[in-house]
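Subject: Structure handover

Hello,

Here is the structure I said I would pass on. My notes on what was found follow below it.

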Amino acid sequence: MAALFPPPPGPRFVLRGTQSAVNTLHFCPPSQAAGNPLLFSGSQNGLVHIWSLQTRRIVTTLNGHGGQGVIWLKTLPQGHQLLSQGRDLRLCLWDLAEGRNTIMDSVQLDSVGFCRGSILVRGQQCWMLAVPGKGSDEVQILEMPSKTSVCTLKPEADARPGMPMCLGLWQTNSSLRPLLLAGYEDGSVTLWDISERKVCSQITCHEEPVMGLDFDSQKAKGISGSAGKVLAVWSLDDQQSLQVKKTHELTNPGIAEVTIRPDHKILATAGWDHRIRVFHWRTMKPLAVLAFHSAPVYCVAFAADGLLAAGSKDQRISIWSLYPCP
């Protein structure tokens with residue numbers, strides 16, 4: 001009997017040459033790429049590679065984390081600056097303008113976990129940074145680039161959510177109040193009001209640690225994945241209260257990262273079962289299961305034009321063109 005659906009296409013192309021597991025990916029914004037689309041990758045061996053998507057080769061290698069794995073990369077909007085977070089307890093700010101690749105500044109971190117940082121741009125030259133704090137259950141909020149401590153977010157003594165596993169800073173369109181979504185070791189997702197230093201709402205949507213989350217501020221709706229089999233979709237009402245809307249059970253446990261495409265149409269997950277899964281964001285209808293990698297997929301990232309990149313323990317980065325942006 002013929003299959004009801006044709007098999008999904010293979011990757012558009014594959015990037016090889018990291019010589020180490022790929023932990024994190026980030027596309028350079030088109031405004032900074034100057035006509036040459038770039039992709040940043042962070043590896044287990046402590047290196048950051050900058051790839052040209054035209055030549056499909058490494059353009060530059062950044063070595064600032066002493067051989068300790070790079071777990072998060074993010075460009076800053078104020079032009080040709082890149083943040084890299086490593087397991088060496090260091091967050092580096094790189095100057096990449098005019099061919100430079102030097103560390104302008106760094107922040108010493110207190111947590112040895114795998115929790116990636118998050119930023120919120122607050123103006124032309126300043127931004128807020130959230131990173132895991134000194135206490136195992138704490139999140140540190142800093143004003144950058146001054147490194148001024150804004151506050152430490154610490155759960156109530158009887159809450160015991162465990163370590164923060166993933167962070168997402170954001171603010172509503174109607175208010176400039178910074179908010180933080182944090183996924184914790186106990187499977188809960190918490191919304192913090194940073195100005196008030198208090199928890200607005202908290203939901204337990206997973207039985208295992210929350211490994212990744214993303215939030216769609218236009219729809220006031222987010223998604224989280226965990227070490228278990230469940231993807232949880234939750235919403236935020238006008239009273240800043242989180243509510244679980246639906247859950248989707250996967251075949252195999254373990255989601256390393258979940259990310260919503262910039263046009264809010266689809267989302268992708270990185271699976272420990274070597275697979276990339278693509279869903280329709282509004283309905284959560286499964287659209288594709290991409291079985292290319294031969295080891296756990298650790299990260300997924302979307303470009304502004306809809307291109308999807310996935311990085312794996314198999315040292316390869318697959319680039320996919322699926323459901324193009326309109």
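Predicted model: local features only at pLDDT ≥ 70, side-chain atom pairs only at ≥ 80, totals over all residues.

A polar contact is a pair of N or O atoms within 3.5 Å; within protein, one of the two must be able to donate a hydrogen and the other to accept it.

Arg-116

Arg-116 sits in the loop that runs between β9 (102-108) and β10 (118-121). Its relative accessible area is 19%, and because buried means under 20%, Arg-116 counts as buried. A polar atom of the Arg-116 side chain lies 2.9 Å from the backbone oxygen of Ile-71. The side chain of Arg-116 also reaches the backbone oxygen of Asn-23, at 2.9 Å. Leaving aside residues up to four places away in sequence, Arg-116 touches Asn-23, Thr-24, Ile-71, Trp-72, Gln-85, Met-165, Leu-167, Glu-257, Tyr-298 and Cys-299.

In the model, the span 203-244 is 60% strand and 0% helix, and its end C-alpha atoms lie 8 Å apart. For residues 290-322 the figures are 52% strand and 0% helix, with the end C-alpha atoms 11 Å apart.

Strand β27 and its partners

Which strands does β27 pair with? One is β26 (residues 297-302), which pairs with β27 in the antiparallel sense over 5 bridges. Another is β28 (residues 316-320), antiparallel to β27 and joined to it by 4 bridges.

Ala-309 of β27 can be followed in both directions. Ala-301 stands opposite Ala-309, and in β28 the bridge partner of Ala-309 is Ile-319.

Salt bridges

Side chains of opposite charge can pair when their charged atoms come close. A search of the whole structure finds 12 salt bridges. Among them are these:

- Arg-100 with Asp-95, where the closest N and O atoms are 2.6 Å apart. Asp-95 is buried, at a relative accessible area of 13%, whereas Arg-100 is partly exposed at 36%.
- Arg-261 with Asp-263, at 2.9 Å from N to O. Arg-261 is buried, with 2% relative accessibility.
- Arg-316 with Asp-314, at 3.1 Å from N to O. Arg-316 has a relative accessible area of 18% and is buried, and Asp-314 is buried at 15%.

Asp-95 and Arg-100 also belong to a network of salt bridges in which they are linked with Glu-98.

Regards

Conventions. Residues numbered from 1 in each chain as written. Heavy atoms only, no water. Helix = DSSP H or I, 4+ residues; strand = E, 2+ residues; numbered from the N terminus. Buried < 20%, exposed > 50% of the residue type's maximum accessible area, 1.4 Å probe, protein only. Contact = heavy atoms within 4.5 Å. Pairing = 2+ DSSP bridges. Salt bridge = Lys/Arg side-chain N within 4 Å of Asp/Glu carboxyl O.
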